There are 2 protein chains.
Amino acid sequence: VEQLHDTDCSFCRRIRSRADQSSDLVCEFPHSIVLLGAWQYYEGYCIAICRHHVRELFELDKLVRHAFIDEIALLGEVLASVFKPRKLNVEMLGNQVPHLHCHLFPRSAHDPDHLKPVWVAIDRAEAAEEERRRLTGAKADRGSLRERIRAELSRRTP
Amino acid sequence: VEQLHDTDCSFCRRIRSRADQSSDLVCEFPHSIVLLGAWQYYEGYCIAICRHHVRELFELDKLVRHAFIDEIALLGEVLASVFKPRKLNVEMLGNQVPHLHCHLFPRSAHDPDHLKPVWVAIDRAEAAEEERRRLTGAKADRGSLRERIRAELSRRTP
C-alpha cells in the first residue's frame with residue numbers, strides 16, 4: 001500500500017513523529033491512527049486519521065477505502081459498546097486540515113442539544129471560556145477514557 | 001441482501017413510496033437513494049439514504065458497508081467534478097432521523113464560513129428567515145443541479 005506523506009501537513013507530521021504515543025493516542029490501525037479528541041463532553045470522542053495523505057475519501061484505492069471504513073466501523077462499535085450513546089455522529093470534514101480523517105462523536109440523550117450536530121455548541125465554545133470548559137470535560141479522566149476504549153478494542157481484535 | 005424496513009421511519013417510507021421521483025431524487029444506487037438536499041447554498045449538497053434500516057454504519061454487513069461506501073465515494077467524486085469544491089464534507093449523523101444516511105456538502109472557498117462545519121450557519125438559518133433564504137438558494141436551479149449531477153454520474157457508470 002502506497003504511503004503518501006506531505007511534510008507541510010500537520011497530520012502527516014503527527015503520524016510520523018508518534019508524538020501522541022504518551023498522551024492522546026488510543027490505537028494504531030493498519031490504515032489509521034486513533035486519537036482521543038478534545039471535546040470529551042462527548043464522552044469517547046475520537047478522531048481516526050487516515051495514514052494516507054489524501055484530501056477526500058474517493059481518492060483512496062477501493063481496497064484501502066474498505067479497510068479504512070472497517071476501522072471506522074470497528075471503532076464506532078467499540079465506542080457504542082463502551083459509552084452507550086443514543087447515536088454516533090461520524091464525520092469526515094477536513095475544512096481546517098485537508099488530510100482525510102474521521103470524527104466519531106458518541107451523542108448522549110442527556111445532552112440538551114442531542115438533536116443537533118455538535119458543531120453548534122463547539123462554535124459557541126470557541127468564543128466563550130465557560131462553554132469551552134464544559135465541552136472539553138475533565139482533563140483527569142482522559143487517561144481512563146483511553147484505557148476503556150483500548151480494553152474493549154483488544155477484546156474484539158484477536 | 002436483507003432489506004429491513006421500519007414502518008415508523010420517515011426515510012423507509014420515502015424509499016418505499018418513491019415520492020421523490022419527480023422532485024428531489026438524484027439517483028438510485030443498489031444500496032442507497034440520493035436526494036438533492038435543502039441547503040443549496042452548498043451547491044450540489046446531496047443526502048444518500050441507505051436502503052437498509054440500520055442506525056449505525058457498523059450494523060451493516062461488511063460487504064454491504066463496502067458497497068454503500070463505494071456509492072458515497074462515487075457520488076463524492078461526481079460532486080467534486082461538477083462543482084469543484086474546495087473540500088467535501090461527508091457526514092453520517094442521524095440525530096433527528098436514526099436511519100443511516102450520509103450528507104455530502106461541497107464546500108466553496110467563496111463561503112466566508114468555509115473553515116467551519118455547515119451546521120453553524122444552518123443553525124442560524126433555522127432561527128432567521130433571511131439566513132434560511134440565503135442557504136436554501138434559488139429554487140429555480142434545483143432541476144438543473146440535479147441534471148448536472150445525473151449527467152456526470154452516467155458518464156462514469158457504464
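# Close-up views of the predicted model

**View 1. S4(A) pairs with S5(A) in the antiparallel sense, over 5 bridges.** The model is a predicted one, in which local features need pLDDT of at least 70 and side-chain atom pairs count only at pLDDT 80 or more, while totals for chains, interfaces and linings use all residues. Residues are numbered from 1 along each chain as its sequence is written, chains are lettered from A and ligands numbered from 1 in the order in which they are written, and side-chain values use heavy atoms, with hydrogens and water left out. Strands (E, at least two residues) and helices (H or I, at least four) are DSSP runs numbered from the N terminus, and two strands count as paired if DSSP finds at least two bridges between them. Within this pairing, A:Asn89 has A:Phe105 in S5(A) as its bridge partner.

**View 2. S4(A) is also paired with a strand of the other chain, S4 (residues 87-92) of chain B.** The two strands run antiparallel and are joined by 3 bridges, with A:Val90 standing opposite B:Met92 in S4(B). Strand S4 (residues 87-92) of chain A is largely enclosed by the rest of the structure, because 6 of its 6 residues are buried, a word that here means under 20% relative accessible area, as against over 50% for exposed and in between for partly exposed (1.4 Å probe, protein chains only).

**View 3. Strands S1 and S2 of chain A form a hairpin, with 3 residues between them.** Strand S1 covers residues 25-28 and strand S2 residues 32-36, and the two run antiparallel with 3 bridges joining them.

**View 4. A cluster of ring pairs takes in A:Tyr41, A:Tyr42, A:Tyr45, A:Phe105 and A:Trp119.** Rings of Phe, Tyr and Trp (its six-membered ring) pair if their centres lie within 6.5 Å, and the planes count as stacked when under 30 degrees apart, edge-to-face when over 60 and tilted for the rest. The search of the whole structure finds 8 such aromatic pairs over all chains. The rings of A:Tyr45 and A:Phe105 are stacked, because their centres are 4.0 Å apart and their planes stand at 10°. This pair links distant parts of the chain, 60 residues apart, with A:Tyr45 in the loop between S2 and strand S3 (46-50) of chain A and A:Phe105 in strand S5 (residues 101-107) of chain A. A:Phe105 also forms an edge-to-face pair with A:Trp119, at 5.3 Å centre to centre and 90° between the planes. Because A:Phe105 lies in strand S5 and A:Trp119 in helix H3 (residues 119-125) of chain A, this second pair ties together parts that are 14 residues apart in sequence. A:Tyr45 and A:Phe105 are both buried, and A:Trp119 is buried too.

**View 5. In chain A, A:Arg134 lies over the face of A:Tyr41.** The distance from the ring centre is 4.6 Å, where a charge sits over a ring if NZ of Lys or CZ of Arg is within 6 Å of the ring centre and within 35 degrees of the ring normal. In chain B, the charged end of B:Arg134 sits over the ring of B:Tyr41, 4.6 Å from its centre.

**View 6. A:Ile149 and B:Ile149 have the most contacts inside the largest nonpolar core, which has 66 residues.** Such a core is a set of buried Ala, Val, Leu, Ile, Met, Phe, Trp, Tyr and Cys residues joined through side-chain atoms within 4.5 Å. Apart from this core lies another, of 40 residues, among them B:Leu35, B:Ile49, B:Phe105 and B:Trp119.

**View 7. B:Leu57 is found in the loop between strand S3 (46-50) and helix H2 (62-83) of chain B.** B:Leu57 counts as buried because its relative accessibility is 6%. Leaving aside neighbours within four places in sequence, B:Leu57 is in contact (heavy atoms within 4.5 Å) with residues including A:Ile69, B:Phe68 and B:Met92.
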